[in-house]
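Here's a quick tour for anyone meeting this structure for the first time. Have a look at it, then read on.

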Amino acid sequence: MARELAAATGAALDNVARHAGGRAWVLIEDEGERVTVSVRDEGPGIPEGRLAEAAVQGRLGVAQSIRGRVAGLGGEVRIVSVPGAGTEIELSVPRCGR
């Protein structure tokens with residue numbers, strides 16, 4: 001689980017490097033039953049509908065590398081993006097071993 005969550009986080013950071021100037025903040029929270037990783041940047045944001053458009057074009061980075069990995073762990077992905085004000089990707093998965 002840790003490897004897949006790290007890979008999804010890495011994919012989010014790759015997107016920051018590619019599209020948002022490379023500066024990001026990463027927060028990891030152990031919430032008891034869940035572990036949440038937030039990746040936030042101050043880049044240009046994601047235009048509304050762009051992720052769906054990219055998936056239709058076969059560009060599946062967010063769909064597979066992030067959402068697919070986290071879904072495979074029984075988790076959820078929340079993306080909040082404001083054009084001109086950055087993006088936050090929150091990956092939340094159930095905690096194992098408790």
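Let's start on the surface, where L13, V26 and I28 make a nonpolar patch with about 260 Å² of accessible area together. This is a predicted model, where local features need pLDDT of at least 70, side-chain atom pairs count only at pLDDT 80 or more, and totals for chains, interfaces and linings use all residues. Residues are numbered from 1 along each chain as its sequence is written, and side-chain values use heavy atoms, leaving out hydrogens and water.

V26 belongs to strand β1, and strands here are DSSP runs of E with at least two residues, while helices are runs of H or I with at least four. That strand is part of an open, antiparallel sheet of four, in the order β1-β2-β4-β3. β1 and β3 stand at the edges with a single partner strand each, so one side of each has no neighbour in the sheet. β2 and β4 pair over eight bridges (pairing takes at least two DSSP bridges), and R40 has E88 in β4 as its bridge partner. Helix α1 packs on the sheet and touches β1, β2 and β4; contact means heavy atoms within 4.5 Å.

Leaving aside neighbours within four places in sequence, S38 is in contact with residues including V26 and E88.

Terms used: Patch = residues over 30% accessible without salt bridge, like charges linked within 9 Å, V, L, I, M, F, W, Y side chains within 5 Å. Areas by Shrake-Rupley, 256 points an atom, 1.4 Å probe, with all protein chains shown as cover. Salt bridge = Lys/Arg side-chain N within 4 Å of Asp/Glu carboxyl O. Axes fitted to C-alpha atoms, helices over the stretch in contact; angles between N-to-C directions.
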